[in-house]
Amino acid sequence: MSEINWMNEVEKRKDDLLKDTQNLLHIKSLLDEENTFSDAPLGKGVKEALDFMLSLGEKDGFIPKNVGNLAGHLEFGEGEELLGILCHVDVVPEGDGWASDPFAAEIREGKIFARGAIDDKGPTMAAYYAMKIVKELGLPVNKRIRMIIGTDEESDWRCVDHYFENEEMPTLGFAPDADFPIINAEKGIADIDIVQKLLVEEEGKGNIEVLSFTSGKRYNMVPDHATVTLNIIGNQMDVVQRFTDFMKQHQLEHHSHVENGELILEVKGVSAHGMEPKKGINAGLFLGEFLSKLDLNPSASDYFKFVSRYFFNDSRGVSLGVAYSDEVSGELTINPGKLSYSRQSGGIVGLTCRYPVTNKIDETKKKLDELLEVNGFAINKFKDTKPHYVDENEFLIQTLKKVYEEQTGEKSYLIAIGGGTYARSLKSGVAFGPLLPGRPDIAHQKDEYIEIDDLLKATAIYAQAIYELAK
């Protein structure tokens, strides 16, 4: 067989690839647990995106299967062994400040701009077209090739949990949901809710009463907005002036207004993926830091002083006494992605802790429990996903290294990340692209995009990888 020019095969299908990518990006596939149906247990948007992929695959001759309306797969090929390509079609909330409609999938400057363009709808379509190329060329394969499509990757992974309770585990596979060259180590992920124990007698203390405070919707996003409603005994303008001075000092966009006699303060930050909080500006932590310096009602005062002391300007768990790093996967990180306080229920910090491969999370939790107990707080949710590591010498990694080097002309190397990809649900799985070295990581940020040239390049890499792994 003559050598295949994979990039040439991609170029032949470029127009269809872009059109299908845009059509998938048009779907507002956000988790919607308030509006669920028997055939859409996570909401209509994510189900629509799943149906879109299954219908597209069926039209192109793949064998489709819907697995409980939570996940699905598209398959071709024959053989005892199964090669899995794990993708997801759900996206995080779009946030504010976009230059164009986040679901318009507008093409400009050689890029497609949309929520999900890089995470993970663009890469999903690249992997789909890669499978399509291998299938249409009629290449001999001795494994079944299966794209597994999830709908809850950005939240609780109920999709893959359900899928693997009911379906076969692939022999090996990859997730096109991170960076090139190859990610063989993924940190552990502990999503934790820390709640305040309300023991404080509130009557007649503090000149400022915090009625409500909220910031953030997801553990794995740096919150880009925070708001607080205050009832002030005394001069509101003094608080407004202090607020303005503080936010100007930190160069943050901010607003204040009075409604029904109550003062409402708002702060805008910068969203980013929670695996590296330093890439964003946490609006909730900055507003919390400001509030911690005011004469508040006792429970609010305790909450905001706690937030200030243990989380402000510290994403490495140093103040909490849980800092840790290793050579394989780097530093432990902490992102408080959901912050709230109300007079009735007190304060909550919902955070994601991304911990290194060699970190013993039980010991970390024990340290945290002890510190929280002293401060009048406690953990009431602790969801742990263990770290994932694949040895460099495995056939999967050696094959992907070869493919990457042949397609890019660049040296391949291994990476560890703080994000969690579906690769960790496989016994032998790695994350593989689509973000090329040197490209900014704009997943979970406003104006998310994928470079069209990179989308095409990723498709060629995936096509050769699928063939080399399955032949």
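Predicted model: local features only at pLDDT ≥ 70, side-chain atom pairs only at ≥ 80, totals over all residues.

Reader: Does Arg 424 count as buried or exposed, and why?

Author: Arg 424 is placed in the loop between strand E21 (414-417) and strand E22 (429-431). A residue is buried when its relative accessible area is under 20%. Because the relative accessibility of Arg 424 is 11%, this residue counts as buried.

Reader: Trp 157 was named among those contacts. Is Trp 157 buried or exposed?

Author: Trp 157 is found in the loop between strand E6 (143-150) and helix H5 (158-166). Its phi is near 60 degrees, a positive value in a residue other than glycine. Since the relative accessibility of Trp 157 is 13%, and the limit is under 20%, Trp 157 counts as buried.

Reader: Asn 260 has a positive phi as well. Is Asn 260 buried or exposed?

Author: The phi of Asn 260 is near 50 degrees, and its place is in the loop between strand E13 (254-259) and strand E14 (262-268). Exposed means a relative accessible area over 50%. With a value of 77%, Asn 260 is therefore exposed.

Reader: Which element gives the most to the lining of the largest pocket?

Author: The largest pocket holds about 720 Å³ of space. Its lining has 37 residues, and Glu 153, Glu 154, Ser 155, Asn 220 and His 273 lie nearest the centre. Among the elements that give two or more residues to this lining are strand E10 (188-196), strand E18 (346-355) and strand E19 (377-385). The element giving the most, with three residues, is E19.

Reader: How many charged residues are in the lining of the largest pocket?

Author: Sorted by class, that lining has 11 nonpolar and eight polar residues. The number of charged residues is 18.

Reader: From which element does the largest share of the lining of the second largest pocket come?

Author: About 380 Å³ of space lies in the second largest pocket, and 20 residues line it. Two elements named as giving two or more residues are strand E11 (208-215) and strand E12 (225-232). The largest share, three residues, comes from E12.

Reader: What is the omega of the peptide bond from Gly 433 to Pro 434?

Author: Pro 434 is placed in strand E23. The bond that joins Gly 433 to Pro 434 is cis, and its omega is near 10 degrees.

Key
Residues numbered from 1 in each chain as written. Heavy atoms only, no water. 1 Å grid on protein atoms, 1.4 Å probe; cavity = no way out; pocket = protein on both sides within 12 Å on 5 of 7 lines; lining within 4 Å. Points joined across faces, edges and corners; volume = space filled by probe spheres on them. Helix = DSSP H or I, 4+ residues; strand = E, 2+ residues; numbered from the N terminus. Nonpolar A, V, L, I, M, F, W, Y, C, P; charged D, E, K, R; others polar. Buried < 20%, exposed > 50% of the residue type's maximum accessible area, 1.4 Å probe, protein only. Contact = heavy atoms within 4.5 Å. Lists of a residue's contacts leave out its neighbours within four places in sequence.
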